[in-house]
Amino acid sequence: MRDAFVMWRNTKMVVLVALSAAIYAAILIPFKIITIVPGYTELRPGNAIPVVCGLLFGPAAAWGCAIGNLIADFFGTIGPGSFFGMIGNFLFAYLPYRIWVMCKGFQPPRGSWREVPLLVLAIFIGSASCAIVIAFGVEFLGLFPFAYVILTSIITINNTLIGCILGIPLLILIYPRARRWQLTFSQVMRRDDLRGTRFTPVAATVILVACIIGVFAALDKAGTLANWASALGLMHIEPVIGEDGKPLPVSLLIPTEMALRQLGGWCSLAILLGTFFMARLGAGRRPADAVADEEVSPTSAGDINMNDVTFTYPGASQAALKSASFTQPAGQRHFRLGRTGAGKSTLALCLNGVIPHMQAGEYSGSVLVGGLDTSQWPVHQLSRVTGLVFQDFETQLFCSDVELEVASGLQNRGLPPELMRERVDYWLRELELEHLVGRDPSTLSGGEKQRLVLAAVMATEPPIVVLDEPTTDLDPAGRRQVMDAAGRLADQGRTLLIATGHTVEAVDGDGLLVLHDGEVAYSGEPAALLQDIEAAEALGLSPDPLAAIAAAVGLDKVPDDVASAVKRLRQRNARLDEQTLKADDAARQNQASSDIALSLEDVSFGYGKDRVLREVSLQVRTGEFVAVLGPNGAGKTTMCKLMMGLLTAGTGTVGVNGRNVGEMRISELAARIGYLYQNPDSQIFSDSVYAEVAFGPRNLGCDEDEVHRRVTDSLATTELGDCEAADPFTLTRGERQRVALAAILACQPDIIVFDEPTTGLDVPQQIAIMELLKKLQTQGRTVMMVTHHTDMALQYADRLLLLVNGELIADGATREVVAATESFLAADQLPPLAAQIGTELFGVPLLSAAEFARYVSLD
């Protein structure tokens, strides 16, 4: 029964215990008034819950239903027999799950017709085991006459019928959702803890025989078997008259002298012993008890050694990591690159013991951090060696104050208050978070939250720091701050492994690790791969910008930096085709019409006392592609929400197509403007892609023919035509981004506002989504994009808005805004290398390597 005990180490399983207990008790309590045996049992339609929860949640449901039954007993039937009721209900949920794992493996049942025979058998075994143990307990305690005969029959029949009639349909309904939310026992627990042994079939046979004997003995002693035989004409039964003149039950199988208490005791013992051997024994994989309380002591500074690690998530068709091996010496700063789904985050979780200790799945290989084997040390001890910033950084925020958040890890380590104060102040200052002191982290912008998590991890000063996309939500200046801070940590002798989507950040690293389909595709010097354009693009990476510019103009060697690039281009007498450049810029500006799609007039807004926007005025023409840039917390997302009517301006007027947003109905706004959140999961909720995309048109009153046409067109536009029946949550981040966009397009708005369209996407996905937005612009739609990805904004947007501290400091054509260096830098934007080189050479910023190829020629 290892699984029933090791599950208490898993937070998800503990939550499922509470959930199962609450649901079971809540359904049992109202039926306490409909008694079958007063004071002992009642009508229990809720007995479908142990069946369903047990088959889906495994041992968590067993504990939960045992506790839930005890809670319900306090509302009418509490007594000495409640102890046996707890054991019985534990078996009722636990045994069907163990029978299923023994026969079918680790995937929970879906409730299909093919599964019904085994489900019925499993439900009978669970029901009969529950009935026999409870009936024996009540009989043993002598609580009322003929307890074993009555309770065994009633509970077995009630539980089996309810479990089959209600439980299987509920299983069909709940299984897809439990699996989507990764709550099934196979998704939460390690398979090694779920496996049976070579004795499992024997144990199951013993339980089945005990159930049959126990139930049939009760039916026989009650005369039920004799009555059935007589009714079916199988034999003639002579009635036996008792002393009171009433007929007595006739027993066919059980000798008169045999006491049912004795038989019930032996059957209960057989069931309990069989249950004990249905799963592996022992404590599972964990460090020795003494180790858990030991002070962790790295044996080799900050070295990282991963050897032949393979990991498969529960239910996954292929491994997330496949025989991954690499080493990283202490004190070096290495970068992790790879496409979405390549295994970067999985690798990070292996480095502080979350895998294999807390994340269920199949794990093999070894990981040493600071000389410590992560499989032999608990996560709370490994956190002293390896600090980890998750890709989903918001899951690491839990305090209600910024300073407390940074100090939380230090408090758990028992550091002196004066040292805690010193470290908190240092990291708040280092990451420019001092102005947020006193704020609740939940009120911060995405980028501010990301830097706060980073400060909290770095404040603990572990020898190894693993950062999983630490700059995704940061503006360019914020990214530079984080990378500079990481560099200083490396200079202090700490080991850093950083996952990033920005190739330019990785160029100067000490090493580069590239994952592709779960395998280590490259491990070595960054320049060797990133300056090889063909090799980098084959792995889904953006090449070194300087290498891309060199290739675009035909330089035979990649420059080391901007200065050397300018020098070499001057040596080759680089010339700019100004006429073509000006003609192209004019054509881009002429795409838009004179009609005003969006407008803000002296708009101000604040959250409480904090003013976020200050007298902002602007107009966006129909058909424009506008990008909004600015530092974290500048008010960019707030401005978008005002345009959507999700917030109401404190002062000023917000207009859509010439109408005041405050005077428009929600349905009118939805038909004219679509807003895509930074996280697509915030607006996806349907079970299929088709249903998700159809939701908007249906709510706008379209008939089904029109709904189908719009859905088909939108899915074709977003290249999701083959995904109609797919569950959106099974798709990749980039695909979910396109599902959200398709749902907006189906409403046929003229204006689309997109908040951080490239966050969480790899380079090919970023290009795909940006090309799609450009395509929508060419179809006459107005596109407004909030982004921290400066390079993408410069390549695709026709117009830039710079927002700083709630004020609009620049508004104009893209090249003009970039050329105004002072305001561009004031918005915490760093001109890309192409723009820096173009400005230095020609006095005109070129926006990409592609523009060098088009406008620049050499001798």
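These are my notebook entries on what I looked up in this predicted model.

**Entry 1: the whole chain**

I began with the chain as a whole, and I found that its secondary structure comes to 37 helices and 26 strands. I then looked up its extent, and along the principal axes the C-alpha atoms fill a box of roughly 120 × 70 × 50 Å. The chain has 859 residues, and buried residues make up 54% of them.

**Entry 2: confidence**

Before going into detail I checked the pLDDT, which averages 85 over the chain, with 91% of the residues scoring at least 70. Over residues 286-294, however, the pLDDT is below 50, although this stretch has 13 contacts in the model beyond near neighbours in sequence.

**Entry 3: Val51**

Next I turned to Val51, which I located in helix α3, a helix that covers residues 48-57. Is Val51 buried or exposed? Val51 has a relative accessible area of 2%, and the cut-off for buried is under 20%, so I noted Val51 as buried. Setting aside residues up to four places away in sequence, I found that Val51 touches Phe92, Ile123 and Gly163. I also looked up Gly126, which is 75 residues from Val51 along the chain, and the C-alpha atoms of the two are separated by 8.3 Å.

**Entry 4: an open sheet**

I then followed an open sheet of four strands, whose order is β6-β5-β8-β9 and whose pairing is antiparallel. Which strands are at the edges of the sheet? They are β6 (321-328) and β9 (372-373), because each of them pairs on one side only, where pairing requires at least two bridges between two strands. Strand β5, residues 304-312, pairs with β6 in the antiparallel sense over five bridges. Within this pair I noted that Asn305 stands opposite Thr327 in β6.

**Entry 5: strands β10 and β11**

For strand β10 (residues 386-389) I asked which residues lie on each face. Thr386 and Leu388 are on one side, Gly387 and Val389 are on the other, and all of them are buried, which leaves both faces of the strand covered. I found that β10 pairs with strand β11 (residues 464-468) in the parallel sense over four bridges. In β11, Leu467 is the bridge partner of Val389.

**Entry 6: Arg479**

Arg479 is a residue of helix α20, which runs over residues 476-491. Its relative accessibility is 11%, and Arg479 therefore counts as buried. I looked for what its side chain reaches, and found the backbone oxygen of His788 at 3.2 Å. Leaving aside neighbours within four places in sequence, the contacts of Arg479 include Thr471, Leu474, His502 and Glu505, as well as His788.

**Entry 7: a hairpin**

Strand β16 (residues 596-607) pairs with strand β17 (residues 610-621) in the antiparallel sense, and I noted eight bridges between them. One position I looked up was Ser599, which stands opposite Gln619 in β17. The two strands, β16 and β17, form a hairpin with two residues between them, and in the turn Gly608 has a positive phi of about 65°.

**Entry 8: helix α30**

Helix α30 covers residues 704-717, and its 14 residues reach 20 Å from the first C-alpha to the last, close to the 20 Å expected at 1.5 Å a residue. I listed the buried residues of α30 as Val707, Arg710, Val711, Ser714 and Leu715. Why do I place them on the same side of α30? They cover an arc of only 125° around the axis, and therefore they share a side of α30. On the other side of the helix I found Asp705 and Ala716 exposed. At the start of α30, a side-chain oxygen of Asp703 comes to within 3.2 Å of the backbone nitrogen of Asp705. Just after the helix, Glu719 takes a positive phi of about 60°.

**Entry 9: Ser848**

Last, I looked up Ser848, which is found in the loop between α36 (833-842) and α37 (849-855). Ser848 has a relative accessible area of 12% and is buried.

Methods. Residues are numbered from 1 along each chain as its sequence is written. This is a predicted model: local features need pLDDT of at least 70, side-chain atom pairs count only at pLDDT 80 or more; totals for chains, interfaces and linings use all residues. Side-chain values use heavy atoms; hydrogens and water are left out. Buried means under 20% relative accessible area, exposed over 50%, partly exposed in between (1.4 Å probe, protein chains only). A polar contact is a pair of N or O atoms within 3.5 Å; within protein, one must be able to donate a hydrogen and the other to accept it, and residues adjacent in sequence count only if both atoms are side-chain atoms. Contact means heavy atoms within 4.5 Å. The expected span of a helix is 1.5 Å times one less than its number of residues. The arc is that of the directions from the helix axis to the C-beta atoms. pLDDT is the predictor's confidence in each residue, from 0 to 100.
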